[in-house]
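These are my notebook entries on one structure, set down in the order in which I looked things up. The sequence and the model come first, and the entries follow.

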Amino acid sequence: MAFPRLAAALPPLLLALTLSSPPATAQKIGTTIPEVHPKLETQICTTAGGCVTQQTKLVTDSLSRPFHDVNNMAVPCATMPLNATLCPDAATCAQNCVLEGVEYSSLGVMTKNSALTLRQYLFDGSAFSSVSPRLYLLAEDDMNYEPLKLLNQELSFDVDVSQLGCGMNGALYLSEMDMSGSRSELNPAGAQYGTGYCDAQCFTTPPFINGLANLNNSGSCCNEMDIWEANSQATVYTPHTCSGVGSFLCAGDECNKTVGVCDKDGCGINSFGLGAKEFYGPGLTIDTTRPFTVVTQFLTSDNTSTGDLVEIRRLYVQNGKIIPNTAETTNTAVQNLAGGFEGTITQDYCAARNAKDFTRLGGLKGMGGSLARGMVLIFSIWNSPGDFMSWLDGGNNGPCNATAGDPAQIVATQPDVSVTFSNIKWGDIGSTFKAEGPAGSAVASETVEKGVNNALAAQSGAGSERAMMAGSLTMSVVVGLAVLLGAFLS
Ligand SMILES: *[C@@H]1O[C@H](CO)[C@@H](O)[C@H](O)[C@H]1NC(C)=O
Ligand SMILES: *[C@@H]1O[C@H](CO)[C@@H](O)[C@H](O)[C@H]1NC(C)=O
Ligand SMILES: *[C@@H]1O[C@H](CO)[C@@H](O)[C@H](O)[C@H]1NC(C)=O
Ligand SMILES: *[C@@H]1O[C@H](CO)[C@@H](O)[C@H](O)[C@H]1NC(C)=O
Ligand SMILES: *[C@@H]1O[C@H](CO)[C@@H](O)[C@H](O)[C@H]1NC(C)=O
């Protein structure tokens with residue numbers, strides 16, 4: 001049974017490799033649980049041609065699926081420390097360990113057309129347990145990640161954060177992962193099974209990196225662009241640079257903050273943190289009780305995809321109005337920027353914020369290189385027992401009090417926390433969104449504020465409210481399922 005599944009699942013080149021080399025040298029793909037990737041439609045847009053729908057899919061991380069001894073499903077492979085019997089070295093480990101498919105509803109993942117809902121907790125019949133999914137966008141080939149090349153381009157999506165309170169983080173971001181998931185002879189599964197994760201935190205604790213046993217405490221590093229880290233109370237968008245190109249390993253001090261190979265702090269904008277406390281939140285300018293569209297533009301020095309990245313601009317669309325990120329700030333260094341602050345990330349802004357590691361490791365120009373080479377789109381929902389996510393929404397960064405983000409408090413009081421992303425589109429600047437309302441964009445031109453080119457406002461995109469309804473339907477299906485499951489099991 002194992003062979004036909006492997007044959008069906010592997011691309012011709014890899015299949016040839018598998019057939020011509022001893023099967024025992026490759027980490028096995030399990031046959032117990034099939035891997036069925038949830039579909040999530042996305043769109044690629046051009047100014048000239050409009051938007052074209054793609055049948056893209058999602059895959060969960062390799063470490064959030066069953067990964068076990070080939071002879072015994074009850075013995076896990078992905079433990080820390082690694083099991084020395086199974087994994088004395090990467091090749092033996094690959095021979096002994098089997099990566100299985102996973103049932104996505106059991107991870108708190110629901111999709112419908114272009115909408116994705118993620119839940120932090122699922123009810124198992126007696127209690128809520130944390131599932132905290134993290135997913136990667138797969139290309140239409142169902143084998144490799146979808147490369148997003150966003151230099152001189154924009155990305156837009158609709159989001160519903162109304163069910164995400166203090167301490168929660170519904171995230172949509174990019175990492176410069178290998179598009180095959182670092183597929184190799186010892187890791188034939190690759191992106192299809194969610195291997196190859198990396199980010200600018202260079203985590204040194206994963207038991208496996210790129211599908212291989214992490215036997216020497218390496219960290220997995222790469223450039224990261226946090227487009228959206230948010231809940232209903234606060235939001236931040238943050239580029240993080242690294243010294244290396246693509247996905248790479250760090251060792252020892254290289255993995256650290258301040259002396260390391262990646263910028264862990266980043267150069268972000270959180271409008272509340274900059275002093276604009278009435279911009280984003282329930283009932284505020286961006287009203288988080290209702291869905292809205294988030295647009296992020298990666299503008300270059302010469303308005304071409306070969307120029308240097310010079311600005312990362314954020315716009316919102318809600319109730320038919322285009323709303324630029326607020327330029328209000330009480331931060332004097334930011335107020336005093338040459339040319340003024342427009343609520344966007346520029347290299348001068350990063351200097352004013354003293355984002356030293358960001359600049360040391362390449363700054364906006366470096367981030368632009370990564371965006372040009374191609375990055376993987378990632379979705380996650382999570383909370384944080386260590387710091388209660390206060391860097392996002394507490395203290396100076398948001399209205400949440402010191403204990404509101406405690407996961408114990410969240411699961412006790414709002415276990416149904418969820419986020420819905422939908423209508424994900426990317427392409428030419430101005431091609432992925434428009435103001436809704438009367439033809440001629442009268443609404444748009446009245447509401448466009450400083451820093452927004454009116455021409456952008458006149459162009460394409462639509463339908464956020466409809467998709468959001470689909471999103472909330474999807475969510476109620478999940479809640480319904482959880483309740484049903486609970487009733488069934490009890
Ligand atoms: C390590 O793997 C071996 C082989 O499956 C198993 O017998 C043993 O119980 C495992 N050890 C642990 C700590 O899981
Ligand atoms: C750690 O192991 C990886 C994978 O085998 C290898 O590529 C890397 O060079 C090793 N790092 C060090 C510092 O030995
Ligand atoms: C790097 O971090 C490790 C572990 O926290 C620490 O032992 C080491 O001193 C750090 N190195 C530097 C240069 O900060
Ligand atoms: C790039 O486009 C912007 C907005 O349309 C314009 O203001 C700017 O002058 C252009 N820059 C160059 C170098 O052409
Ligand atoms: C903190 O916020 C939570 C949730 O909003 C609330 O239940 C709690 O009473 C607050 N605690 C304090 C000390 O204000």
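**Entry 1: the four-stranded sheet**

I began with an open sheet of four strands, whose order is β1-β7-β5-β6 and whose pairing is mixed. Its edge strands are β1 (28-29) and β6 (72-76), each of which pairs on one side only. I took helices (H or I, at least four residues) and strands (E, at least two) as DSSP runs numbered from the N terminus, and I counted two strands as paired if DSSP finds at least two bridges between them. Strand β7 (residues 97-99) and β1 are joined by two bridges in the parallel sense. Within this pair, I found Leu-99 of β7 opposite Ile-29.

**Entry 2: the basis of these notes**

The model is predicted, and local features need pLDDT of at least 70, side-chain atom pairs count only at pLDDT 80 or more, and totals for chains, interfaces and linings use all residues. Residues are numbered from 1 along each chain as its sequence is written, while chains are lettered from A and ligands numbered from 1 in the order in which they are written.

**Entry 3: the six-stranded sheet**

I next looked up an open sheet of six strands, ordered β4-β12-β26-β14-β18-β19, with antiparallel pairing. The edge strands here are β4 (57-60) and β19, each pairing on one side only. On average, neighbouring strands of this sheet are turned by 20° against each other, direction ignored; for this angle, axes are lines fitted to C-alpha atoms, for helices over the stretch in contact, and angles run from 0 to 180 degrees between N-to-C directions.

I then followed the pairs. β4 and β12 are antiparallel and share four bridges, and Val-59 stands opposite Tyr-136 of β12. β12 is joined to strand β26 (residues 376-382) by three bridges, also antiparallel, with Leu-135 opposite Phe-379 of β26. Strand β14 (residues 169-175) runs antiparallel to β18, and six bridges join them.

I also checked the cover of strand β12 (residues 134-138): four of its five residues are buried. A residue is called buried if 20 or more other C-beta atoms lie within 10 Å of its own, exposed if 12 or fewer, and partly exposed in between, with C-beta atoms placed from the backbone.

**Entry 4: Leu-174**

Why is Leu-174 counted as buried? Leu-174 is buried because 26 other C-beta atoms lie within 10 Å. This residue lies in strand β14, and its bridge partner in β18 is Met-225. Leaving aside residues up to four places away in sequence, Leu-174 touches Leu-148, Glu-224, Met-225, Ile-227, Met-375, Val-376, Leu-377 and Ile-378; contact requires C-beta atoms, placed from the backbone, within 7 Å. I noted that Leu-174 and Phe-379 are 205 residues apart in sequence and 8.9 Å apart in space, C-alpha to C-alpha.

**Entry 5: the nonpolar cores**

Which residues touch the most other members of the largest nonpolar core? I found Tyr-136, Cys-221, Trp-228, Leu-371 and Val-376, in a core of 103 residues. Such a core is a set of buried Ala, Val, Leu, Ile, Met, Phe, Trp, Tyr and Cys residues joined through C-beta atoms within 7 Å. Tyr-136 itself touches Leu-58, Val-59, Tyr-145, Gly-194, Val-376 and Ile-378, not counting residues up to four places away in sequence. A second, separate core has 16 residues, including Cys-87, Ala-94, Tyr-193 and Ala-213.

**Entry 6: helix α7**

Helix α7 (residues 363-373) is mostly covered, with eight of its eleven residues buried. Among the buried ones I listed Leu-364, Met-367, Leu-371 and Ala-372. The buried residues of α7 pack against β18 (224-230), β19 (235-240), β23 (292-300), β24 (309-318), α5 (347-352) and α6 (356-360).

**Entry 7: the β24-β25 hairpin**

β24 and β25 form a hairpin with two residues between them, and Asn-319 in the turn has a positive phi of about 50°. Four bridges join β24 to strand β25 (residues 321-324), and the two run antiparallel. The bridge partner of Tyr-316 in β25 is Ile-323.

**Entry 8: the ligand shells**

Last, I looked up which residues surround two of the ligands. Around ligand 1 are Asp-69, Asn-72, Val-75, Asn-83, Thr-85 and Leu-86, where a residue is near a molecule or strand if its C-beta atom, placed from the backbone, lies within 6 Å of it. Ligand 5 is surrounded by Cys-166, Asn-401, Thr-403 and Ala-404.

Technical notes: Contact = placed C-beta atoms within 7 Å.
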